[in-house]
Amino acid sequence: MTGTPSTRRTGGSGWAFQATNAEVLEALARGEQRTSLRELFGTQALEELSSLAVAARTARQRRRRGGGALSRVLIVPGMMGSRLCDVPSRAGAKRGARAKALWVDPARIRAGHLARLSLFGTRSRNMRPAGALFPDYARLKLMLTIEGFDARFFAYDWRFGIEQIGAALAAKIRAGASPVSLVAHSMGGLIARVAAKHLPKRWIERLVMLGTPNRGAFAPVLALRGTYPFVRRLSRLDLEHSPEELAAQVFCSFPGLYQLLPSAYEAGEIDLLDPRSWPESGPQPDAALLARVSEARGRMADPDRRMAQIVGTHRETVISVRRTPAGFEYGSSANGDGTVPIRLAMVPALETYFADEAHGELVNNPRIIAAVTSLLRGDGGCGLARRFTPLREPTTRFDDTQLRSVPAGKIDWRGLDSAQREAVLADLEGGRVS
């Protein structure tokens, strides 16, 4: 079987990192670009996704012949869950040049191009979103398609604030001229709630949130400090920057990241929106961006009957932070999904279900996706637990100094074979902030 023109035109190990979502789906269904797709998805997931892609294509063809409108579903990824690309120059566009993916292309990260994502400079104006990161969201899209939904992605530039992105989502929904349902992962749930406040209720039939930090999370604190494990693993691929440099020059420039900081405090906890609460050493948050957080989060719609959430449990999660002479000290327990503490996910009056799963896998677990399908259809139950009893276990404590002491030697992506690349990406996947 021959490939699509674009598949034949661009081959090689790095093909999947520059291909569009549509091209990847086509390659999955046709069994093409196996080496590159294996690096992207991993061996086991590749086989599963290839089978799902064939089934989804068959389902689309069958329904196209049968006619009739499908229920529209927009999938709203979490932070860092959308691909970001360089926009070609005007002259390049006239020559047919394609947008070139930066996030996430390991070859470009290797060359230090992550610095181009910083909003502190002007180069960021040449970035635009182009689809979702498929290792995270392909299974969700394919399974919803097989179940009869017209499932599409709302890709967005996750560096910006939820108020700006939420307004863009509301505009997209209006432009579709018919109501939609939303399946929103992590930060995507906050964006969806902003969009809901912009629109009459009839425009959004159902909103299902997965791992949404409705009242914030502590993972962004570590990301802004350069001590978050994902940031440190990512920096290993960047031969030009240390984790602290990436935090100070890049991550500290993202309004969206600040808006994931906790907005609820318990006795003894510090106000992370006050720049004076942060350690004087190491990467520093931008005071102006901290000052905008409360206003931005205030633009979210209150929960109503259209909304439901699925909360991940039983994963070691940072659940608290406090100041020490050495910087920040963190408390950790299994009362969360590995990224979002359960208590900060919870909102009174919001229809809530619990699943023993990690944050990133909430959108990859077939049982949870089946539950999402039931919630979208209003079947009257989704098979997940309605209650969770907090685990009573000692809190593990660690600080910035300990996190920075973990060895993080550089990895030269160009010198890795295909199996090594697959392993590096598997280690990187699932650890993004939110």
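1. Let's start with a loop. V104 sits in the stretch between strand 3 (100-103) and helix 7 (106-110). Worth a look in this predicted model: the peptide bond joining W103 and V104 is cis, with omega at about 0°. As a reminder, most peptide bonds are trans, and most residues other than glycine have a negative phi.

2. Q33 is not a glycine, yet its phi is positive, about 50°. You'll find Q33 in the loop between helix 3 (21-30) and helix 4 (34-41). With a relative accessible area of 17%, Q33 is under the 20% cut-off and therefore counts as buried.

3. M80 is the other one to check: again not a glycine, again a positive phi, here about 70°. M80 belongs to the loop between strand 1 (71-76) and strand 2 (82-86). Is M80 buried or exposed? Buried, with a relative accessible area of 0%.

4. In what order do the 6 strands of the open sheet run? The order is 5-1-6-7-8-11, and the pairing is parallel. Strand 5 (149-153) and strand 11 (351-355) are the edge strands; each has a single partner strand, so one side of each has no neighbour in the sheet. From one strand to the next, the twist averages 20°.

5. S71 is found opposite F149 of strand 5.

6. Now the helices on that sheet. Helix 9 (residues 162-175) packs against it, with contacts to strand 1, strand 5, strand 6 (180-185) and strand 7 (204-210). The direction of helix 9 makes about 165° with that of strand 1. Helix 18 (residues 366-377) lies across strand 1, strand 5, strand 6, strand 7, strand 8 (307-312) and strand 11. Relative to strand 7, helix 18 runs at about 160°.

7. Aromatics next. The count comes to 11 aromatic pairs. One to inspect is F328 with Y330: the ring centres are 6.3 Å apart and the planes stand at 65°, so this pair is edge-to-face. Both F328 and Y330 are buried.

8. There is also an aromatic cluster made of W103, W158, F230, F251 and F254. Note W103 in that list; point 1 already had W103 on one side of the cis bond to V104.

9. Last, a charge over a ring. R386 lies over the face of Y353, at 4.5 Å from the ring centre.

Methods. Residues numbered from 1 in each chain as written. Predicted model: local features only at pLDDT ≥ 70, side-chain atom pairs only at ≥ 80, totals over all residues. Heavy atoms only, no water. Helix = DSSP H or I, 4+ residues; strand = E, 2+ residues; numbered from the N terminus. Buried < 20%, exposed > 50% of the residue type's maximum accessible area, 1.4 Å probe, protein only. Phe/Tyr/Trp six-rings, centres within 6.5 Å; stacked < 30°, edge-to-face > 60°. Lys NZ or Arg CZ within 6 Å of the ring centre and 35° of its normal. Pairing = 2+ DSSP bridges. Axes fitted to C-alpha atoms, helices over the stretch in contact; angles between N-to-C directions. Contact = heavy atoms within 4.5 Å.
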